[in-house]
Structure formats: C-alpha cells, structure tokens
Amino acid sequence: MTSIQEEVSLIGYSLLNMTFNNINEEMWILDSGASSHMTPNDNGMYNIRTDNIPITIGNGNEMKCLKLGDIDLIGLNTDGKEIRITLKNVKYIPKLKFNLISMNYAIEKGFEIKSNKNGILLIRENVQLSFDNKIMTNGASLLSMKVRQVYDYANINKQHNKLDVTILH
C-alpha cells in the first residue's frame, strides 16, 4: 500500500511527463503542491529580478528559476465581470510545462478555498476566482482558470474601466 505522499509524488511526476493538447499559455492551474506561482513564459513580466534558484519538482529533480517578476492577468470573477489579477513574485522556469498558481501562497495571503461540483473557488472580500476548467489526466483532473495576459500597461484602464484589482502576492 502506498502512502498519500507517495501518491501525490507519483501524480506530480506523471504530470511532468505528460503532454496536454488542451493546455495553453492562457490557462493557469491551481496547484496545492506549488510553493509559489510559476510559469514557463516570461512575456509581460515586469519588476524582474534575475536569479538562478533551483526548484525541486514532484519527482525530486531540479529545474532552474532564472528570474522572478510580476504578471498581470485578466480573468472572470464568478459574477462574469472581468477582473485584473496581479501575480507577484512569479518564478520564471523555462522548462516548466504549465502555468501554476500556488494554492498555499494564496491561502497565506488571505484567500479562502471553497469547492463545489464545478471546481474550486479562491475567495477574498468581494473577489471570487473560479478554477472550473477541468483538464483530465490519468485518473484525476486538474483545475485551471483561463485568463488573458496584460501586455499593454498604458492602455489597461482605457480597455477595462474601473477594474477590481486582486493581488495574489
């Protein structure tokens, strides 16, 4: 019989080696095992700090984080309104396959976690971020949120008047 920790490690290892055709750079997976937010894509990253940090992944191997920075995203609140999400201190790891939002980091910053039949909600004050996009794997499903990345900082307020700002940092 395997322990829960061994099962989680096996799931993490299998995810690292799988390719999903339906995952793209607009999807951010909510990860309960991630120590911080991580991405293989540094487009739109700002407040960049260069670093060479080793990150231990699910199978025990290491990947290198080459820099840290902030990323602005536009997602949908559960009421259907667009909301600006600022992810702080996102680790840029070029060999990573997916964008990850750290559930633990969000909890540390005051978000509550609630689940329902559709997925998982991150809730703080009047903000409810829904991770309801299911990505099926071998025997399990990942939950992600589809977003648009903000690249044009000068025009963000013109395009999205009076955005609520959520900071996951």
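How many nonpolar, polar and charged residues are in the lining of the largest cavity? By class, two are nonpolar, four polar and one charged; here Ala, Val, Leu, Ile, Met, Phe, Trp, Tyr, Cys and Pro count as nonpolar, Asp, Glu, Lys and Arg as charged, and the others, Gly among them, as polar.

Let's set the ground rules. This is a predicted model, where local features need pLDDT of at least 70, side-chain atom pairs count only at pLDDT 80 or more, and totals for chains, interfaces and linings use all residues. Residues are numbered from 1 along each chain as its sequence is written, and side-chain values use heavy atoms, with hydrogens and water left out.

The protein chain has a mean pLDDT (the predictor's confidence in each residue, from 0 to 100) of 77, and 75% of its residues reach 70 or more. Residues 1–21 stay under 50, and over residues 154–166 the pLDDT is also below 50. Where pLDDT is low, the predicted coordinates should not be read in detail.

Now to Asp-72, which is buried (under 20% relative accessible area, 1.4 Å probe, protein chains only) at 0%. The table gives its side-chain polar contacts with two partners, each a pair of N or O atoms within 3.5 Å, one able to donate a hydrogen and the other to accept it.

| Side chain | Partner side chain | Distance |
|---|---|---|
| Asp-72 | Tyr-46 | 2.9 Å |
| Asp-72 | Thr-86 | 2.8 Å |

Back to the cavity: its lining residues, with an atom within 4 Å of a grid point, include Glu-25, Trp-28 and Gln-149.

Technical notes:
Contact means heavy atoms within 4.5 Å. Buried means under 20% relative accessible area, exposed over 50%, partly exposed in between (1.4 Å probe, protein chains only). On a 1 Å grid over the protein atoms alone, a cavity is a set of points where a 1.4 Å probe fits but cannot get out, and a pocket is an open set with protein on both sides within 12 Å along at least five of seven lines; lining residues have an atom within 4 Å of a point.
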